[in-house]
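Biologist: Please display the model, and let us then discuss it question by question.

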Amino acid sequence: MAEPSRLRPEDRADFEAVLHHAMGTTDIRGALGADPAGRAAAHLRAHALAHADDIAATAGEPYRSYLAVRRAARHEARSLLGPGSLLPALAVLTPLVSGTSAAALLLIGGLLHVAGAPGPSPGSLVAAGWTLALVAAVTGLVTLAAVLHTALRRRGAPPAADQVEHARLVWRQELLDRGMLPHLRRHLVPHPETAITPCSPPDTLTPCPARAREDRTPCSD
């Protein structure tokens, strides 16, 4: 089982969106702008993706809260119409099937009665139709009462989707502030053309080889 703070595969898209936002901040974009070829930006992005779990761990607490809220919402959705819960499906299907069957039986029984069909068949079909109509009415009322009860019980609570989205936004903000931005700023690579080379360090009296050829003075060992 994966550690709670490890980034789940389904959350990689959010991680990459936070990374894209972080690389667009003023200081990081300005530092990367010194490399018009874009190699520094590609290297920084690849480094962040390679260390996604380490960066995500800095926002471990809000990420665990987000996972818990999302897991609860999924469990609630499965419990309503899950494969092991037949009651909700029966509550919806029973009035529909009973009402349709009652209408068909009443129609057939009425037609047979008008046609003067002999025997008890027309009366039996009409009686069965009224029975099914009563079943449809009762089950429909029960289903309606259950729906109203559920709606009243959840009226004061925010929808599960809103809770999940709020927890997701909190995690992304913490990931940006505590993980992504500090990581990118620590690993910014200076542009090679502006970097100080070993042969020309500041505050040194030893000339570099190019300068030695011009001054006719050999570099000291």
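Biologist: Are Y63 and Y66 buried or exposed?

Modeller: This is a predicted model, in which local features need pLDDT of at least 70, side-chain atom pairs count only at pLDDT 80 or more, and totals for chains, interfaces and linings use all residues. Residues are numbered from 1 along each chain as its sequence is written, and side-chain values use heavy atoms, without hydrogens and water. Buried means under 20% relative accessible area, exposed over 50%, and partly exposed in between (1.4 Å probe, protein chains only). By this scale, Y63 and Y66 are both buried.

Biologist: What kind of aromatic pair do Y63 and Y66 form?

Modeller: Rings of Phe, Tyr and Trp (its six-membered ring) pair if their centres lie within 6.5 Å; planes under 30 degrees apart count as stacked, over 60 as edge-to-face and the rest as tilted. This rule gives 3 aromatic pairs. For Y63 and Y66, the distance is 6.5 Å centre to centre and the angle between the planes is 45 degrees, and the pair is tilted.

Biologist: How many residues apart are Y63 and Y66 in helix α5?

Modeller: Helices (H or I, at least four residues) and strands (E, at least two) are DSSP runs, numbered from the N terminus. Helix α5 covers residues 60-81 and holds both Y63 and Y66. They are separated by about one helical turn because their spacing in this helix is 3 residues.

Biologist: Why is the pair of Y66 and W171 stacked?

Modeller: The ring centres of Y66 and W171 are 5.7 Å apart. The pair is stacked because the planes lie at 10 degrees.

Biologist: Which residues is D11 in contact with, leaving aside its neighbours within four places in sequence?

Modeller: D11 lies in the segment before α1 and is buried, with a relative accessible area of 1%. Contact means heavy atoms within 4.5 Å. With those neighbours left aside, D11 is in contact with Y63, Y66, L67, R70 and W171.

Biologist: Which residues of α3 make the contact with α1?

Modeller: Helix α1 (residues 12-23) and helix α3 (residues 39-50) pack with their axes 11 Å apart, at an angle of about 145 degrees. Axes are lines fitted to C-alpha atoms, for helices over the stretch in contact, and angles run from 0 to 180 degrees between N-to-C directions. From α1 come R12, F15, E16, L19 and M23, and they meet, in α3, A41, L44, R45, A48 and L49.

Biologist: How far apart in space are L184 and M23, C-alpha to C-alpha?

Modeller: L184 is found in helix α8 and is buried, with a relative accessible area of 0%. Beyond its neighbours within four places in sequence, L184 has contacts that include L19, A22 and M23, as well as L44 and A48. L184 and M23 are 161 residues apart in sequence, and their separation in space is 7.9 Å.

Biologist: How many helices does the chain have?

Modeller: Of the 221 residues of the chain, 23% count as buried. The chain has 0 strands, and its number of helices is 9.
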